[in-house]
Amino acid sequence: MKRSGNVLKTIRGALNAAIAWKRTPAIVLIVFCAFLFMPLYWTLVTSLKTTKEIFSWPPTLFPKSLTLGHYVKALIHSPIFGNILNSIFYSLTATVIVVTVAALTTYGFSVYQYRGSTKVALVFLGTRIIPPQSLFVPFVVLFSKLGLINTRPAVIIFQFVLVYPLSIWLLKGIFDKFPRELVDAARIDGASRIFTLLKVVLPIVAPGIGAVAIIAFLWTWNAFMFPFLILNSPQLKPITVGIFHFVSDRGIEWGPMAASSVLAIIPGVVFFIFAQRSIVSGLTLGAVKS
Amino acid sequence: MSQSERMNKYKLSDSGFGILCTVPGLAVLLALVAYPIGYNLVLSFMSYKRLVFGGFVGFQNYGWFFRSKDFYLSWRISALYSLGSAGLAFLVGMILAQALTAVRRGRAFFRTLVVLSWAIPPVLSGLIWKWILNKDMGLMNYVLSVFSLIDSNVAFLVNTNLALLSGIVATAYVYVPFMTVFINAGLETIPPEFYEVAEMEGADEFHKFTFITVPLNIKQMLFSFLVVWMFTFRTPDVFFALTGGGPGKATYHAGLFLVNLIYRYIDFGKAAVVSIMLTVSVGLVVTPLAFYIFRRAD
Amino acid sequence: MMISWKKSVVCAVAVAAMALFALPVFAGGKQEAPAAAELKPWEQIEWNKPKSWPERLLADKYILPEGWKQAVEGVKEFSFYNIGGIETDIATKMNMMRFEELTGIKINAIPLAPRFTLPKTLSTLVAKDKAIHGIGMNNPSYNFTPIAVYLQDVDHMWPEEVTALYNENLINYLAWDGHWYAMPVAAVGHLNFYRKSWFEQAGVEVPTSMLEFAEAVKKVNQWAQENLGPDHYGIVFSVPSTELFTRYRELMYAQNKQVIGPDGRLDFYSKEAQNAFNWLVDMFRQGFITEDALNFGWMDAANFFGVGKAGAITDAPAMFYGFFQSQYPEVGQDMGALTNLKWSEDDPDEWNGRSLIGANSIGLPKYIDNNHKTAVMLWFDYLRSLEGQRNEAIVEGNASFLLHLWETLDAQFNMVDWNLADAAAKELGINPPVRRTKAGPMITGNAIQSEKSLLEVFRPYFPEVQDKFNEEFANVATGKASTEEALQRVQEIADTFR
């Protein structure tokens with residue numbers, strides 16, 4: 001008995017020590033961020049090396065001779081720049097549509113609950129448990145009947161199907177915590193429900209909306225397979241598809257590909273930094289316990 | 001709703017408005033997914049092989065599925081892979097989130113650093129990881145050899161167990177930012193007084209973690225874990241770039257099984273069964289947990 | 001009642017969905033209604049005027065048939081999927097430019113990422129996308145057989161006097177169900193390239209059989225590891241999922257044995273099959289090939305050879321004109337090329353050069369309009385002509401099935417339009433091609449292999465067998481199974497499809 005008590009104590013002690021690491025957060029952060037940053041750093045460094053150096057062993061942690069040739073190739077001799085602009089267009093459009101529609105929907109069944117509104121929320125999630133791989137062929141058939149092959153709306157509609165349900169779930173957590181008293185007060189003042197949404201609810205949940213916007217933006221940014229299947233014209237392709245310009249039958253051109261990757265990361269990061277403050281405080285609001 | 005009638009000046013009832021807000025979005029969504037769902041449901045009872053339509057075959061495709069060795073193999077790998085990568089991402093996310101809450105200086109900087117890798121598309125991070133894990137010029141081998149942890153270079157993607165592990169690490173890498181941001185948001189809402197009170201009561205770190213941190217954030221944590229688990233159970237993005245299911249079938253993920261049936265063997269009937277079974281498998285796990293999350297929200 | 005209202009909505013949606021999907025599912029397998037009796041545009045072309053069909057094809061400069069202009073009325077441009085990326089595809093670019101010059105019709109080549117070729121093609125066909133007029137196919141004999149449902153046959157373009165101009169293997173290869181559904185763009189074989197200086201320094205004679213080749217690679221490997229470092233290899237292959245089996249097939253042909261037995265059955269039980277399998281396994285086990293190749297997605301072989309980390313590479317020769325020329329121009333000076341060799345010293349010399357040559361080809365979708373179909377047919381006719389094939393063979397370094405080209409090879413060097421080649425290179429943004437005046441080892445190798453190549457036609461179930469082959473190969477290479485067990489399991493899968 002006593003021995004097992006000791007063992008338990010030791011385990012407890014170890015756990016305590018492990019959790020206590022958060023007292024030295026800077027060290028933890030530096031160690032983990034180094035791991036998270038390594039692939040990015042590697043991409044950046046690769047994009048600046050000569051092809052010969054890329055394939056050398058031991059690998060060089062800093063480029064021996066800096067070259068911007070890969071960037072020149074990516075920006076001037078390939079459609080990568082246009083592809084990045086396309087990606088920005090798709091991501092922004094999808095984000096605006098998804099956020100607008102999802103906010104209205106969630107406002108409806110979260111603030112003005114009705115019988116079965118929880119089940120409706122589950123139906124939304126239900127559409128998302130279908131594996132996306134099995135949606136590709138039927139969606140291609142469906143879109144060809146609607147004349148949407150090789151068009152921008154096709155990409156956005158499919159992305160809407162993927163992101164809208166999850167956005168509702170994220171928003172639901174935030175709207176559920178919204179103080180009802182404010183809605184009731186607006187009602188007593190004679191405000192319409194849409195006015196209440198725009199002038200009372202949105203300003204308070206705005207950070208939450210921002211958070212959903214970031215997630216919608218980045219998920220659209222990362223979409224690959226469906227845009228690849230549905231688009232043919234180089235001038236319509238997003239960056240995820242465009243990057244395969246450097247993958248041919250006989251090899252990957254790592255240099256230009258790394259350069260395009262670095263370029264492809266920038267807009268996402270800019271969007272994130274732009275909305276950064278809202279993402280955390282937004283989700284924070286969602287977590288407030290009433 | 002305990003609002004009095006007098007106060008309610010709207011023509012439409014509250015629940016009516018709620019339905020009105022929900023229905024258009026739901027209708028559009030259902031209209032869009034109804035076709036693929038119907039397509040898969042009906043094809044699962046048909047023979048539609050190599051683009052030649054063979055008519056109604058009853059439950060033949062389902063029979064094939066349950067007899068297929070690939071089903072057991074790929075479901076096992078998917079389960080290992082998804083639990084592993086969601087678990088690892090969760091663990092790292094948790095640690096990072098705790099550290100982010102506690103850090104005093106440079107929080108915004110660290111937060112940006114954490115989220116940076118989110119902006120890399122999974123297709124790309126798969127290729128980048130393949131490059132890093134390469135036996136002949138990969139960074140990983142170099143780092144390990146600098147610290148004298150290995151004698152000769154390791155082919156991470158060739159060894160059966162290491163290949164799965166590499167896949168898990170690469171996937172966790174993709175989802176850590178999502179996890180961190182999500183969990184961190186929850187942690188920041190816990191008033192510091194809670195911990196101060198607990199400390200005065202003589203609680204140790206373990207107590208504080210299990211009685212304050214977890215219970216107050218269980219919803220956020222469960223949801224983020226669930227989303228990542230669901231994504232990784234059925235989508236082979238990273239494996240596709242990293243190993244292509246190999247060596248042999250050591251990383252033959254369920255999602256890869258489905259993709260192969262559609263695009264390689266061109267057997268839409270059987271692919272429909274696999275996709276339905278994948279939906280059912282994910283649904284069986286997600287639905288009860290989703291109910292649980294919602295109940296707590298009410 | 002709320003519940004019943006919801007239920008009825010769900011039912012309505014379900015019924016609507018059923019009605020919607022039922023249409024295309026059933027339409028997919030249905031035969032198209034017979035067209036009106038009037039002549040199709042391509043039937044109005046006088047293919048044998050102003051000269052006979054073979055004469056038009058073999059003219060120094062391709063001659064268009066009479067009546068082509070009316071038949072392609074209204075066609076300004078068309079698009080096709082180009083396998084493997086246009087960037088290094090200089091001959092295709094030349095041919096596109098030349099065709100535009102001849103007819104005024106502009107051609108768009110849409111490059112496809114290699115590992116996603118089939119998904120993309122399938123989507124386009126299932127969607128009946130009328131904006132795509134040609135479907136690129138790299139392995140029509142098995143990867144693409146299923147899509148014949150969606151392809152227009154071009155039987156009328158293969159009359160007897162025309163088929164006589166080509167290697168008869170090609171004719172079998174491009175046809176199935178008794179119809180021709182594809183046209184060759186270029187023939188792509190594999191040659192074994194090696195670094196002369198490495199072989200000399202390692203003290204290795206140029207091998208004359210595959211067994212010797214293996215020994216040579218071992219010695220070069222040893223030499224390279226000792227003198228250049230542990231990350232150097234004897235030989236590298238690029239390994240997309242199809243390549244491993246391609247290697248196996250070539251090792252079978254080196255033993256004068258086909259993969260398909262006389263009874264039409266895939267045969268993995270023979271002594272030769274074991275030999276070929278073991279040859280490859282040994283290469284992996286002893287580390288002469290980088291182990292990453294086991295993941296069937298290893299695509300860095302060409303770069304490896306290019307930067308000087310491998311003594312030999314087995315790959316498609318055409319890349320030296322594109323990929324190597326733009327990336328590693330210095331390698332060209334130090335390079336020897338060998339055809340697929342006979343198996344052992346004791347085998348007869350005529351087994352040398354029995355290799356596998358694949359035909360990159362293009363299929364024509366059934367559902368596009370007749371005038372566009374005719375335009376694509378005209379382009380097909382140009383591509384397979386002496387002028388088109390000359391560009392492929394001499395400028396790009398591909399093999400070709402056009403017999404006349406190899407018979408008159410020396411004369412062909414003078415006929416190449418190098419200015420056009422330079423213009424094409426400029427448009428692609430790559431270095432201008434080397435102006436060859438006589439056949440080097442590579443073109444000679446192509447010439448031998450073009451004549452002796454074997455093209456076995458595999459059944460549509462073949463991807464299943466191939467995947468099993470790859471899987472079992474990995475099992476043997478990582479020591480989990482013996483060669484006998486592995487080949488037996490591959491045979492079992494093959495037999496279930498009989």
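**Close-up views of a predicted three-chain model****Figure 1. Glu387(C) is buried, and Arg98(C) is buried too.** Buried here means under 20% relative accessible area, with exposed being over 50% and partly exposed in between (1.4 Å probe, protein chains only). The two side chains form a salt bridge, and their closest N and O atoms sit 2.4 Å apart. For a salt bridge, a side-chain nitrogen of Lys or Arg has to be within 4 Å of a carboxyl oxygen of Asp or Glu. This one ties together distant parts of the chain: Glu387(C) belongs to helix H16 (residues 386-396) of chain C and Arg98(C) to helix H5 (residues 90-103) of chain C, 289 residues apart. Helices (H or I, at least four residues) and strands (E, at least two) are DSSP runs, numbered from the N terminus.

A quick note on reading these views: this is a predicted model, where local features need pLDDT of at least 70 and side-chain atom pairs count only at pLDDT 80 or more, while totals for chains, interfaces and linings use all residues. Residues are numbered from 1 along each chain as its sequence is written, chains are lettered from A and ligands numbered from 1 in the order in which they are written, and side-chain values use heavy atoms, with hydrogens and water left out.

**Figure 1. Arg384(C) and Asp381(C) pair up in a salt bridge.** Their side chains meet at 2.9 Å, N to O. Arg384(C) counts as buried because its relative accessibility is 0%. Asp381(C) is also at 0%, so it counts as buried as well.

**Figure 2. Asp14(B) and Arg187(A) form a salt bridge.** The side chains come to 2.7 Å, N to O. A search of the whole structure turns up 24 salt bridges over all chains. Asp14(B) sits in helix H1 (residues 14-43) of chain B and Arg187(A) in helix H9 (residues 180-188) of chain A, so this pair joins two chains. How buried is each end? Asp14(B) has a relative accessible area of 9% and is therefore buried, and Arg187(A), at 2%, is buried too.

**Figure 3. Chain A meets chain B through 108 residues from each chain.** Contact means heavy atoms within 4.5 Å. The size of an interface is often given as the accessible area lost when the parts come together. Between chain A and chain B the buried area is about 10,100 Å², and carbon and sulfur atoms give 77% of it; buried area is the accessible area (1.4 Å probe) that two parts lose on being put together, summed over both. The count of salt bridges between chain A and chain B is 2. Across this interface, 9 residue pairs are in polar contact (both at pLDDT 80 or more). A polar contact is a pair of N or O atoms within 3.5 Å; within protein, one must be able to donate a hydrogen and the other to accept it, and residues adjacent in sequence count only if both atoms are side-chain atoms. On the side of chain A that touches chain B, helix H2 (residues 25-48) of chain A gives the most, with 16 residues. That side of chain A splits into 76 nonpolar, 20 polar and 12 charged residues. Ala, Val, Leu, Ile, Met, Phe, Trp, Tyr, Cys and Pro count as nonpolar, Asp, Glu, Lys and Arg as charged, and the others, Gly among them, as polar.

**Figure 4. Ala121(A) lies in helix H6 (residues 117-126) of chain A.** Ala121(A) counts as buried, with 0% relative accessibility. Setting aside neighbours within four places in sequence, Ala121(A) is in contact with Phe109(A), Trp169(A), Lys172(A) and Phe294(B). The C-alpha atoms of Ala121(A) and Trp169(A) are 7.5 Å apart, though 48 residues separate the two along the chain.

**Figure 5. Asn340(C) sits in the loop between strand S10 (335-338) and strand S11 (358-363) of chain C.** Asn340(C) is buried, at a relative accessible area of 4%. What does its side chain reach? Leaving out neighbours within four places in sequence, the residues in contact with Asn340(C) include Asn192(C), Met210(C), Ala254(C) and Gln449(C).
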